[in-house]
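I opened my notebook to follow some charged pairs and helix contacts. I wanted to see what holds on to what.

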Amino acid sequence: MGAAPVTASDDPDESLMRSYAGGSAKAFEQLYARHRGGTYRYLLRHTGNRATAEELHQEVWLKVVRARDAWHRQARFTTWLYTIARNRLVDHWRARRGARFVSLDDEGVESAVEAALMEDRHEAGPLSSTLRLESGQHLVAALETIPPAQRDAFLLHVEGGLALREIATLSGASIETVKSRLRYAYGRLRTALEDLQ
């Protein structure tokens with residue numbers, strides 16, 4: 001079976017998924033290489049446990065493998081992927097009778113938060129200084145102060161690169177609610193990080 005044809009209007013991820021559905025193992029390797037870090041950190045920051053995050057991460061990607069023949073583009077690949085990850089996370093908490101998002105971890109937090117919060121990387125303000133000087137532990141502590149729904153919107157935005165509409169669709173919230181959650185999350189992070197100085 002040959003790889004599915006790629007059209008000029010396809011996003012690179014969708015093109016790769018179509019190729020993978022057509023039988024290209026290399027296309028899957030490229031998708032996995034692009035998204036494994038973000039999906040793993042998303043799960044890790046919600047569970048706070050490496051072993052649990054690794055288990056959930058494997059299950060998410062196994063679901064991608066199993067869905068390749070049935071996959072058809074209804075949304076961006078990243079939206080579909082993070083929907084799988086979020087649903088698996090919710091199932092995980094329900095199975096443990098605590099359907100909520102919890103703790104975080106410091107792996108990769110500094111770069112993700114820096115990219116999300118820095119409007120100008122050359123700015124010499126207090127947030128910029130804090131991000132350069134403080135360890136990942138301070139950033140983890142700041143992220144832990146964000147309520148679960150706000151943290152989830154933030155992580156979907158930062159780790160998944162999802163747009164407001166995609167986060168709204170995935171979480172079942174309105175776009176205005178997602179905007180508010182992100183605004184509060186960014187505000188809390190700025191305040192927490194500025195307080196560290």
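**Entry 1: the model**

I noted before anything else that this is a predicted model. I kept that in mind throughout.

**Entry 2: salt bridges**

I reminded myself that side chains of opposite charge can pair when their charged atoms come close. How many salt bridges does the count come to? I got eight.

I looked up Arg 34. Its salt-bridge partner is Asp 13, and the closest N and O atoms are 2.7 Å apart. Arg 34 sits in helix H2, residues 25–47, and Asp 13 in helix H1, residues 12–21, so the pair ties together parts that are 21 residues apart in sequence.

Next I checked accessibility for these two. Is Asp 13 buried or exposed? I found Asp 13 buried, because its relative accessible area is 8% and buried means under 20%. Arg 34 has 47% relative accessibility, so I wrote it down as partly exposed.

I moved on to Glu 159. I placed Glu 159 in the loop between helix H8 (148–158) and helix H9 (164–171), and Arg 41 in helix H2. This pair links distant parts of the chain, 118 residues apart.

Glu 159 also meets Arg 45 in a salt bridge, at 2.1 Å from N to O. Arg 45 belongs to helix H2, and here the partners are 114 residues apart. What do these shared partners form? I found that Arg 41, Arg 45 and Glu 159 are joined into one network.

Then I compared their accessibility. Glu 159 is buried at 10% relative accessibility. Arg 45 is buried at 2%. Arg 41, with a relative accessible area of 25%, is partly exposed.

**Entry 3: H2 beside H8**

I turned to the helices H2 and H8. Their axes come within 10 Å and cross at roughly 165°. Why do I call H2 roughly antiparallel to H8? Because angles over 145 degrees count as roughly antiparallel, the crossing makes H2 roughly antiparallel to H8. I also noted that the crossing is right-handed.

I listed the residues that make the contact. H2 gives Tyr 42, Arg 45 and His 46. H8 gives Arg 151, Asp 152, Leu 155 and Leu 156. I sorted the contact residues into three nonpolar, one polar and three charged.

**Entry 4: His 35 and Thr 78**

I stayed in helix H2 for His 35. His 35 is buried, with a relative accessible area of 11%. Which residues does His 35 contact, leaving aside neighbours within four places in sequence? I wrote down Asp 13, Trp 61, Phe 77, Thr 78 and Leu 81.

I followed that list to Thr 78. Thr 78 is in helix H4, residues 77–95. At a relative accessible area of 5%, Thr 78 is buried. Not counting residues up to four places away in sequence, Thr 78 touches Asp 13, His 35, Gly 160 and Leu 162.

My last check was a distance. Thr 78 and Glu 166 are 88 residues apart along the chain, and their C-alpha atoms are separated by 9.3 Å.

I closed with Asp 13. Asp 13 is a salt-bridge partner of Arg 34, a contact of His 35 and a contact of Thr 78.

Definitions and conventions:
Residues numbered from 1 in each chain as written. Predicted model: local features only at pLDDT ≥ 70, side-chain atom pairs only at ≥ 80, totals over all residues. Heavy atoms only, no water. Salt bridge = Lys/Arg side-chain N within 4 Å of Asp/Glu carboxyl O. Helix = DSSP H or I, 4+ residues; strand = E, 2+ residues; numbered from the N terminus. Buried < 20%, exposed > 50% of the residue type's maximum accessible area, 1.4 Å probe, protein only. Axes fitted to C-alpha atoms, helices over the stretch in contact; angles between N-to-C directions. Parallel < 35°, antiparallel > 145°, perpendicular 65-115°, else oblique. Left-handed = near helix turned anticlockwise from the far one by under 90°. Contact = heavy atoms within 4.5 Å. Nonpolar A, V, L, I, M, F, W, Y, C, P; charged D, E, K, R; others polar.
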